[in-house]
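Here are some notes to read with the model open beside you. Take them one point at a time, and find each residue on screen as you go.

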Amino acid sequence: MLKTILFATDFSESSDHAFQYALSLARKFESRLAIIHVISEPVDLRGFYVPHISFDKLEEEIEQGALKMMEKFCLTHAHDYPRLESCVVPGIPYDEIIKKAEEISADLIVVGTHGRTGLDHVLFGSTAEKVVRKSTIPVMSIRIRE
Ligand code: AMP
């Protein structure tokens, strides 16, 4: 039984592809399907190059933009799935993905093998690799066909 599935998206083509697997498993097991997007924390240069206030405003705009992208993602890909929920959090992607999975007691984490960075590591992108290596919850990583 997969009661709860966590899917992590960076809104890339690779993660869109992986989502199809997360969704079909969720449909099969009638799982709670949580989607997470992590806003990568930039190096903290507040008050060094620019005043605090500009950074706060920028962060607010980034968060609003990310929330809009998440809303569009859910509407486009899974508007008819009743047990869908989503969250957008700032932080280090692999860390936040694992934390969230533990918090919601996920039975499975689904990620793409590659993301927006397009970095082709030996096998995995860096976030996928770190999630696989550090998570105690099973991880399913989906590679897009080239
Ligand atoms: P990457 O390691 O960046 O090539 O991305 C591999 C996969 O990790 C993506 O297909 C997503 O499933 C997930 N991922 C990468 N970055 C993020 C992020 N910022 N938030 C949530 N998931 C992410």
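**Notes on the fold and its largest pocket**

1. Let's start with the pocket. Helix α2 supplies the largest share of the lining of the largest pocket, namely 8 residues. The space in this pocket comes to about 780 Å³. Its lining counts 36 residues, and those closest to the centre are H37, V38, S40, P93 and R116. Besides α2, the elements that give two or more residues to the lining are β2, β3, α3 (93–103), β4 and α4 (126–134). Sorted by class, the lining holds 18 nonpolar, 13 polar and 5 charged residues. Please keep in mind throughout that this is a predicted model.

2. Now step back to the whole chain. How many helices and strands does the chain have? There are 4 helices and 5 strands. Reading from the N terminus, the elements follow the pattern β-α-β-α-β-α-β-α-β. The chain has 146 residues, of which 40% count as buried. Among contacts in the chain with a separation of 6 or more, 76% are between residues 24 or more positions apart.

3. Next comes the sheet. In which order do the strands lie? The 5 strands make an open sheet with the order β3-β2-β1-β4-β5, and their pairing is parallel. The edges are taken by β3 (84–91) and β5 (139–142), each of which has a single partner strand, so one side of each has no neighbour in the sheet. From one strand to the next, the twist averages 25°.

4. Strand β1 (residues 4–8) and strand β4 (residues 108–112) run parallel and are joined by 3 bridges. One place to look is I5, whose bridge partner in β4 is L108. Helix α2 (residues 52–78) packs on the sheet, where it touches β1, β2 (32–40) and β3. The direction of α2 makes about 150° with that of β2. Strand β4 also pairs with β5, again in the parallel sense, over 4 bridges. Here I109 stands opposite V139 in β5.

5. Are its residues buried or exposed? In β4, 5 of the 5 residues are buried, so this strand is largely enclosed by the rest of the structure. Both of its faces are covered: L108, V110 and G112 are buried on one side, and I109 and V111 are buried on the other.

6. S15 is in helix α1 (residues 13–29), and it counts as buried because its relative accessibility is 2%, where buried means under 20%. Leaving aside residues up to four places away in sequence, S15 touches F7, A8, T9, D10 and H114. E96 lies in helix α3 and is also buried, with a relative accessible area of 15%.

7. For contrast, turn to E71. This residue belongs to helix α2 and counts as exposed, at 53% relative accessibility. How far apart are E71 and S86 in sequence and in space? They are 15 residues apart in sequence and 8.5 Å apart in space, C-alpha to C-alpha.

8. Finally, please check two backbone angles. Most residues other than glycine have a negative phi. E30 has a positive phi, near 50°, and is not a glycine. You will find E30 in the loop between α1 and β2, where it counts as exposed at 62% relative accessibility. S105 is not a glycine either, and its phi is positive at about 50°. That residue sits in the loop between α3 and β4 and counts as exposed, with 51% relative accessibility.

Methods: Residues are numbered from 1 along each chain as its sequence is written. This is a predicted model: local features need pLDDT of at least 70, side-chain atom pairs count only at pLDDT 80 or more; totals for chains, interfaces and linings use all residues. Side-chain values use heavy atoms; hydrogens and water are left out. Two strands pair if DSSP finds at least two bridges between them. Axes are lines fitted to C-alpha atoms, for helices over the stretch in contact, and angles run from 0 to 180 degrees between N-to-C directions. Contact means heavy atoms within 4.5 Å. On a 1 Å grid over the protein atoms alone, a cavity is a set of points where a 1.4 Å probe fits but cannot get out, and a pocket is an open set with protein on both sides within 12 Å along at least five of seven lines; lining residues have an atom within 4 Å of a point. Grid points are joined across faces, edges and corners, and a volume is the space filled by probe spheres set on the points. Ala, Val, Leu, Ile, Met, Phe, Trp, Tyr, Cys and Pro count as nonpolar, Asp, Glu, Lys and Arg as charged, and the others, Gly among them, as polar. Buried means under 20% relative accessible area, exposed over 50%, partly exposed in between (1.4 Å probe, protein chains only).
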